[in-house]
Each structure stands twice: as C-alpha cells, then as structure tokens.
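Colleague: I am new to this one and would like to understand the words you use for it. Could you show it to me and take my questions one by one?

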Amino acid sequence: MGRRERDPRIEDSREELDERVIDITRVAKVVKGGRHFAFRTVVVVGDNKGRVGIGVGKARSVPDAIRKGTERARRNMRQIALSGTTVPHQVMGTHGGATVMLKPASPGTGVIAGGGVRAVLEVAGVRDILSKSMASANILNVAQATMDGLMQLKNVQTLAAMRGKDPDDIRPFWERKQHDKENA
C-alpha cells in the first residue's frame, strides 16, 4: 500500500465549487529594519446555483495567500436570490468608494460586466445581467460592492408582498410571457 487510498465519504461531502482568484497584490509592512513584503489575494468561490463568497488571504507566498483566501471565501458563502438566470430586480451595491449597479437582463444577453464584478456574478450562477461599476476601481472594493448588491436581492414573491402587488406585476416582461405560457 504505497499509495494512500482516498476515503469516498470525504470526497462526497466536499461539494464541487467554482474558485477564481481575481486579484493578487504585493503589500509591504514597514518595520524598523526595512520593509517586509507579503501578498494579498482576493478569491471568489461559488456553486453556480446561487451561493457565493469572497475571501481575502495574506501570506509571504502566493500559494499560501490563495489557500487562505479560498478558505475564507468558503466560510463566507451566502445564498442569493436569483430569478432564472438573472437577478429579480435592479440594485445598487456599495463598499468603501466603490458603487456597482446590477440590472436584470433578458435571456441570451450574457454577463455584461468587467473584472471583479464578472467573476462574482459568474460563480454565483448569474448568466444574464447588465452592470455598471462606478467611482472607485479598486478590485477588492468593487467585488465587495457586488456582493453587497447581491445580498440586497429579494425573490419576486417577497418583493411583491412588501409592495402589496401581484408577483406578475413585478416580474420583468420576458418572464411574464414565459410565466403566462406555463400557466395556460
């Protein structure tokens, strides 16, 4: 038994997640004797079904920083409300100086986003969305602002109940047509 056999119970319990490193930055700590350099990584993890998390890892070596960031991202995973392949309604997320607008899009539009916003949305399972990143271009703040926007999302039934309206009045027009066909 030179090779270790893997325990199938451990493999089954660990779900398959989509991990992406969206930023690697060299940071310095100034001390009496000079500067100590380290690396900061921003990692986003998701299951492509509505769960997503962001983690930041710092270490002296890049692989250690990535590992730490991935562990933190897995711990910080949150469930978000999706409406098919898009978001149920428009939201504005902010974090620090960054502001991100997320707007639902009709099927076939794709992910209209760049950089950190695209990575967060794709691992969350969003396939059709329009977005705009405003103010700060700091990748960490933009990713956190995107996450803030996703956390503000509510499903159509909850939003309709809050507004005192019928859920069909809140759905985007392309979903109303599809919903009417299914109920006919």
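Colleague: Let me start with one pair. Which residue is the bridge partner of Ile112 in β8?

Modeller: In β8, Ile112 has Leu130 as its bridge partner. Before we go on, this is a predicted model, where local features need pLDDT of at least 70 and side-chain atom pairs count only at pLDDT 80 or more, while totals for chains, interfaces and linings use all residues. Residues are numbered from 1 along each chain as its sequence is written, and side-chain values use heavy atoms, with hydrogens and water left out.

Colleague: What makes β7 and β8 a pair?

Modeller: Two strands pair if DSSP finds at least two bridges between them. β7 and β8 (residues 129–135) have 2 bridges, in the parallel sense, so they meet that definition.

Colleague: And what counts as a strand or a helix?

Modeller: Both are DSSP runs numbered from the N terminus: helices are H or I with at least four residues, strands are E with at least two. The chain has 7 helices and 8 strands.

Colleague: Why are β5 and β7 called edge strands?

Modeller: The open sheet has 4 strands, in the order β5-β6-β8-β7, with mixed pairing. β5 (91–95) and β7 (111–112) each pair on one side only, and they are the edge strands.

Colleague: What packs on this sheet?

Modeller: Helix α4 (residues 139–152) does, touching β5, β6 (98–104) and β8. The direction of α4 makes about 140° with that of β5; axes are lines fitted to C-alpha atoms, for helices over the stretch in contact, and angles run from 0 to 180 degrees between N-to-C directions.

Colleague: How do β5 and β6 pair?

Modeller: They pair in the antiparallel sense over 5 bridges; for example, Val91 has Leu102 in β6 as its bridge partner. β5 and β6 form a hairpin with 2 residues between them, and Gly96 in the turn has a positive phi of about 60°.

Colleague: Which residues is Val120 in contact with?

Modeller: Contact means heavy atoms within 4.5 Å. Leaving aside neighbours within four places in sequence, Val120 is in contact with Val44, Val52, Ile54, Ala143, Thr146 and Leu150.
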